[in-house]
Amino acid sequence: MQPMTAVRMREISKRYLPSGVLANDGAELEVEQGSIHAIVGENGAGKTTLMKVLAGLELPDSGDIEINGEPTHISSPAHARALGIGMVHQHFLMFDELSAAENIFFGLEPVQKPRLLRLLGIIDSSGLNEKAKSLANEYGFSIDPSAPVGALSISTRQQVEILRQLAREMRILILDEPTSVLTEQETEALFEKLAEIRHMGRTILLVTHKIDEVMQIADKVTVMREGKTIGTYSVASTSANELASIIMGGVPSEEIQIHKEHAIKGASVMRIEGLCTHRHHRGGVGLSEIAFDVHAGEVLGICALSSNGLDELEDVLAGFLVPSAGRCAFGGLHFDVRKVHEYRRFLKEGKISYLPSDRMRRAAALSLPVRDNFIALSRRNYFSRGWIRSTLARRATQEAIHAFDISAQPEQMTAELSGGNIQKLAIARLFSKEQPELFILCEPTWGLDIRSTEQVHSRIREVQNAGSAVLLLSSDVDEILTLSDRVMVLYRGKQVLTRENSGYLNRALIGEYLLGTRSA
Amino acid sequence: MPAERELHSPARVMLAVGVSIALSAVVLALFSKDLGSALEQFFLEPFSNRYFLGNYLADAVPLMIAGLGVLIAFRSKNFNLGGEGQLYASALAAGVLALRLPAGTAPFAVWFLAALTGVLTGAAIGALSGLLKAVRHVSEMISSFLVSAIVINVSDFFITGPLQDPASNFQTTRQLAPKFLLPRILAPSKLDISIGLALVLIVAFMIVDKRTKIGFELKICGENEEFARYCGIPVAAYQIAAMAISGGMYGLAGALLVIGPQGRVMRGFSSGLGWSAISVALLAQGSGAGIVPAALFIAFLGTGSDHIMIGSGIPSEIVSILQAVAMFFITARSLPRIWKKRGQS
């Protein structure tokens with residue numbers, strides 16, 4: 001029997017106004033029911049826009065859509081939901097203060113049995129937790145239904161988001177780069193669950209950058225480039241290399257060198273000792289007795305699975321979180337880390353350059369133009385005696401857009417950019433500043449495609465060779481191994497490994513430290 | 001996110017203005033005996049002669065100044081709901097000062113000192129809410145509203161108590177010396193030279209907003225506070241400053257009324273101005289240039305209403321309905337989306 005076509009999209013075009021960027025240019029998509037269908041392409045290829053059209057979040061300028069063979073015109077997210085289409089966003093849209101169960105069943109809450117309470121719409125909260133638990137078990141998820149979502153790790157929040165769609169009987173699930181926030185182990189677990197969901201006859205659309213994931217889990221894959229569909233391929237009859245060359249449009253990708261050559265270590269730039277934080281910041285574990293130093297021309301890679309202290313360390317290093325104890329030496333000064341304003345001065349003066357991991361919340365003002373976002377961090381250069389130097393600002397933005405290959409215009413609203421392009425903008429902004437003594441880079445290649453990742457990696461090597469110290473906070477073990485001179489691993493807020501990145505270290509070994517099965 | 005920006009479309013505002021004017025005509029038709037003359041009184045009379053036009057423009061001046069203050073606070077995502085009290089108390093402070101100055105003081109010095117007193121009084125009250133927000137995380141909406149409620153009652157006490165003009169039957173302070181009042185233009189109307197100051201302030205704001213570092217940093221604070229902190233912008237300082245400026249502008253509007261059209265501080269004279277200024281800022285949709293037409297429109301609703309109230313005997317409650325209808329349409333956010341969907345189906 002011929003498998004049913006769940007989704008058919010034809011000649012979809014979408015132009016964002018007022019910038020006039022053509023995000024989809026006659027894109028095509030055909031997805032079989034009960035399959036996992038991957039959509040791949042570089043940053044700004046139009047993958048997310050096409051999915052937003054399917055989810056009713058964007059109205060296409062032209063094109064036809066059929067769902068389960070029925071021609072339809074998806075006019076709103078509510079309409080898409082009525083058609084059984086649900087989207088799990090790259091940046092989760094949830095109520096942080098509500099519990100996992102409340103988020104999952106928001107709008108579908110079971111009410112109390114007694115008639116009066118039911119009339120008043122009083123929610124049966126124990127029944128709610130029960131229902132969430134049984135739904136989670138059905139698909140092999142493990143969540144605490146009563147925990148407030150804001151306190152959960154990213155991977156658990158993602159599970160909540162997927163369960164929310166499943167609770168609404170969505171037949172077609174769209175996942176936008178679901179693994180960009182997950183570690184290897186979490187990704188494995190997610191894929192098992194996706195296979196389970198497919199097994200139950202549901203259709204999954206998976207937007208991703210990672211070819212190995214496509215090969216591992218997808219049945220078919222559609223490649224997009226510059227808003228157009230290049231083709232749809234059966235995963236069984238194509239190889240990872242073939243797929244990579246189709247995505248890159250025939251441009252050969254640079255060789256990735258795993259173990260790097262060791263740079264000459266310079267003087268110590270920053271030394272941290274006895275760093276501790278209180279627990280419960282962002283629902284985290286708290287840091288205890290962290291100590292490290294980083295030298296000029298050296299990359300210190302710090303790695304941890306989610307909820308093991310990496311977020312807290314980032315916030316301390318960003319000057320957003322006041323630690324409970326510790327000492328810091330930087331720029332010839334020794335001070336108590338609790339005196340945060342003293343530390344913040346180095347960030348402000350540009351001696352430390354910091355790239356946040358949460359690019360949407362901390363690294364951009366989405367409703368301002370790209371130019372304003374670009375100049376925001378080095379206002380000293382773009383304002384002279386308090387007046388803006390617009391020509392200079394525009395030219396510098398244009399140059400950065402060119403140098404970092406960002407699909408954007410200086411006047412364009414930042415909200416219109418794809419997640420990858422916003423990340424590239426944040427990186428371009430940092431590397432266009434005068435060179436600092438220390439870089440703190442958090443998840444610098446999150447959600448970036450292969451080519452952009454390589455670009456960023458070579459930039460990091462450049463600044464390292466030019467004598468900056470680099471602290472690289474990343475949950476991507478490959479990235480840590482590729483770039484770091486020394487590697488540090490955090491587990492439950494403690495430092496379980498600090499070691500030279502020599503032949504001794506490898507993925508498997510680091511994995512054991514990350515999971516706590518091996519300790520120092 | 002793209003949908004967010006549709007809110008700023010001028011078409012939407014024009015639509016709201018158009019609909020509210022049309023509905024006003026409908027309400028007039030329902031309640032007036034002679035629709036023709038009511039319409040004429042409402043729409044045309046404010047422009048019919050020098051006196052009416054001058055009075056109409058004079059009503060728009062405080063709305064421009066205070067509306068600009070609200071807009072500046074909006075720009076940094078601060079909502080100043082204490083305008084009533086800020087304006088009233090500042091007017092009183094400016095009035096007391098002007099009454100105490102020796103009769104020989106140069107008029108220019110009186111104007112300057114009174115305006116300055118108004119600005120400082122309003123700014124101090126506004127800054128209090130900004131400070132509470134920055135330091136204690138108290139919602140500036142609630143604190144400014146509550147502080148305003150207190151300040152109004154305290155001011156009432158002074159006007160009707162120690163500062164009451166014994167010679168007057170009204171609850172008011174003494175009258176200022178005529179030479180201390182701002183020079184009138186379009187006499188005999190109450191329009192004075194403060195309209196020039198209002199326009200200068202609006203232009204100055206537009207320049208600061210578009211071209212200066214302060215304007216830029218204020219915008220970033222309003223758009224994304226966490227990003228502002230990442231950029232090293234002193235967020236707390238901007239919060240306090242935005243509330244202080246907003247309060248200061250209300251204060252200036254109050255002071256200018258006292259040394260201008262009012263000439264004294266009468267109990268409750270500012271009633272409603274604080275809220276109308278918020279309407280002006282909403283209507284201007286975040287644009288400095290938009291303040292002028294917005295203030296003219298809101299002042300027009302008030303003036304037109306006064307004319308039919310006097311001319312056709314339509315009760316003031318009906319007039320309030322007209323204003324409420326207009327505000328309802330202007331602040332309705334779902335309007336463009338409904339419109340858009342219609343266009344497609």
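In the predicted model, strand β4 (residues 62-67) of chain A is joined to β5(A) by 3 bridges, and the two strands run antiparallel; strands here are DSSP runs labelled E of at least two residues, helices are runs labelled H or I of at least four residues, and both are numbered from the N terminus. Two strands are taken to pair if DSSP finds at least two bridges between them. Opposite A:Ile67 stands A:Glu70 in β5(A). Residues are numbered from 1 along each chain as its sequence is written, while chains are lettered from A and ligands numbered from 1 in the order in which they are written. Because the model is predicted, local features need pLDDT of at least 70 and side-chain atom pairs count only at pLDDT 80 or more, whereas totals for chains, interfaces and linings use all residues.

The β4-β5 pair belongs to an open sheet of 4 strands in chain A, with the order β2-β1-β4-β5 and antiparallel pairing. Strands β2 (21-32) and β5 (70-72) of chain A stand at the edges, and since each has a single partner strand, one side of each is left without a neighbour in the sheet. With direction ignored, neighbouring strands of this sheet are turned by 20° against each other on average. Helix α1 (residues 47-54) of chain A packs on the sheet, where it touches β1 (5-16) and β2 of chain A, and its direction makes about 115° with that of β1(A); axes are lines fitted to C-alpha atoms, for helices over the stretch in contact, and angles run from 0 to 180 degrees between N-to-C directions.

Another open sheet of 4 strands in chain A has the order β12-β11-β14-β15, again with antiparallel pairing. Its edges are formed by β12 (290-295) and β15 (333-336) of chain A, each with a single partner strand, so one side of each is left without a neighbour in the sheet. Neighbouring strands are here turned by 10° against each other on average, direction ignored. Within this sheet, 4 bridges join β14 (residues 325-330) of chain A to β15(A) in antiparallel fashion, and A:Cys328 has A:Phe335 as its bridge partner in β15(A).

Elsewhere in chain A, β9 (residues 220-225) and β10 (residues 228-234) run antiparallel and are joined by 6 bridges. These strands, β9(A) and β10(A), form a hairpin with 2 residues between them, and A:Glu226 in the turn has a positive phi of about 50°. The bridge partner of A:Met224 in β10(A) is A:Thr229.

In chain B, helix α4 (residues 50-75) has 26 residues, which at 1.5 Å a residue should span 38 Å, and its end C-alpha atoms are 36 Å apart, which agrees; the expected span is 1.5 Å times one less than the number of residues. Of the 26 residues of α4(B), 21 are buried, so the helix is largely enclosed by the rest of the structure. A residue is buried if 20 or more other C-beta atoms, placed from the backbone, lie within 10 Å of its own, exposed if 12 or fewer do, and partly exposed in between. Just after α4(B), B:Lys77 takes a positive phi of about 60°.

Between the chains, 19 residues of chain B are in contact with 23 residues of chain A, contact meaning that the C-beta atoms of two residues, placed from the backbone, lie within 7 Å. The largest share of the side of chain B that touches chain A, 6 residues, comes from α9(B). The predictor gives the complex an ipTM of 0.81 and a pTM of 0.74.
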